[in-house]
Amino acid sequence: MAKPPLSMKPTGWFQVAWSDEVGVGDVHVMKYFGEDMVAWRSEAGQVTVMNAYCEHLGAHLGFGGKVVGEVLQCPFHGWQWSQEGRNVCIPYESRPNRGRRIKTYPVIERNASIYIWHDLEGREPFFDAPDVFASFEDGSSVDDYYPQQRLFEQGHEMHPQYVLENGVDFAHFKYVHETPINPIFTRHDFADAVSYVDFTITFEGDDGQRIEDVNSGVEAINGGLGIAVTKSWGMVDNRTISAITPVDEYTSDVRFMVYIGRVPGKDSPRAEQKAIAFGEEIIRQFRQDIYIWSHQRYSDPPALSTSEYEGFTAIRTWAMQFYPDGRGGSAADLAHQKG
Ligand code: FES
Ligand SMILES: [Fe+2]
């Protein structure tokens, strides 16, 4: 295991919980990016994510804090905090403290997940989090799929970028997943903060296959470093979301979600059982990746083969825009020393 040398404070959208973990009136305790945080849902249903400590005398709002209508009330002296983190009531004074504010994070709920925008510089979101259905602009919706299946693992010494690099890593399939597939990349688009990688799949031994004969493939959309969505077509229709969120300078939480497509007219309980089993198989394969990622040491500069050079260089160059120093943190210094 090795502490990731890339900065663990990248900018972007990151998953901090699932929506169903934060019901109306719930105050959910979390730690991300080295900060203690709470997520709470108001009576009207709005989720707020804010730093955990009351600006008054520092009570942790996740231990006894109470949702009162649209505000969060501190358990210690009853001060109330708004969804913007402003103090709106001191119960024993005639006016609130207008100066102090608890840091809040831009939040969106999408695909049953709660995402926050993290940016050390406090900039407004400059790209949108991808949606596992809408972002593919194919008219699909959650109703076309069986319920979301999930993986959640904590405490891995890995960095979100490792997972994205998997998307251009054609050589690992055979060794990590024991699937003898040869992905052929048809799109590498790293022009913007949201990037696109598409590939088609041929099976080993089918060297004579022409691109027109290929009948399956994967499209991936990376919304910054934190969230990637995929659509697989051809074999079993499935969608996935991977969401990796740094917890501190060493570890990340790993979330992975799978949706298996319903087949119109064949929506029997037996078909659902098969879909669930297939979803579990995709999750098992993702675990095989985690086993590698959680023990790897980020290699920079890496010893790339000729055919790997373009994809890895493109994704690593693209990733730099999300780091506070624009270079990747101490990884850049290490590369320089070796250089
Ligand atoms: S510490 Fe929160 S109200 Fe006093
Ligand atoms: Fe993989």
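Tutor: Of the 339 residues of the chain, 34% count as buried, where a residue is buried if 20 or more other C-beta atoms lie within 10 Å of its own, exposed if 12 or fewer do, and partly exposed in between, with the C-beta atoms placed from the backbone. This is a predicted model, in which local features need pLDDT of at least 70 and side-chain atom pairs count only at pLDDT 80 or more, while totals for chains, interfaces and linings use all residues. Residues are numbered from 1 along each chain as its sequence is written, and chains are lettered from A and ligands numbered from 1 in the order in which they are written.

The chain has five helices and 18 strands; helices (H or I, at least four residues) and strands (E, at least two) are DSSP runs, numbered from the N terminus. Among contacts between residues at least 6 apart in sequence, 55% join residues at least 24 apart, a contact meaning that two C-beta atoms, placed from the backbone, lie within 7 Å.

In soluble globular proteins, nonpolar side chains tend to be buried together. In this chain the largest nonpolar core has 67 residues, a core being a set of buried Ala, Val, Leu, Ile, Met, Phe, Trp, Tyr and Cys residues joined through C-beta atoms within 7 Å. The residues with the most contacts inside this core are Val16, Met37, Val38, Ala39, Val49 and Ile227. Strand E18, which covers residues 252-260, gives the most to the core, with six residues. Because domain 1 (12-118) and domain 2 (134-322) both give residues to the core, it lies between them; the domain bounds come from an automatic or database domain assignment.

Leaving aside its neighbours within four places in sequence, Ile227 is in contact with Trp13, Gln15, Tyr115, Ala129, Pro130, Ile241 and Ala243.

Although the C-alpha centres of domain 1 and domain 2 lie 33 Å apart, the domains do touch, and the contact takes 13 residues from domain 1 and 15 residues from domain 2. On the side of domain 1 that touches domain 2, strand E1 (12-18), strand E2 (27-32) and strand E11 (113-118) each supply at least two residues, and E1 gives the most, with five residues. The residues on this side divide into seven nonpolar, five polar and one charged, where Ala, Val, Leu, Ile, Met, Phe, Trp, Tyr, Cys and Pro count as nonpolar, Asp, Glu, Lys and Arg as charged, and the others, Gly among them, as polar.

His56 is found in the loop between strand E4 (47-51) and strand E5 (66-68), and His56 is partly exposed because 16 other C-beta atoms lie within 10 Å. Not counting residues up to four places away in sequence, His56 touches Cys74, Phe76, His77 and Trp79. Between the C-alpha atoms of His56 and Tyr115, 59 residues apart along the chain, the separation is 27 Å, and Tyr115 is one of the residues in contact with Ile227.
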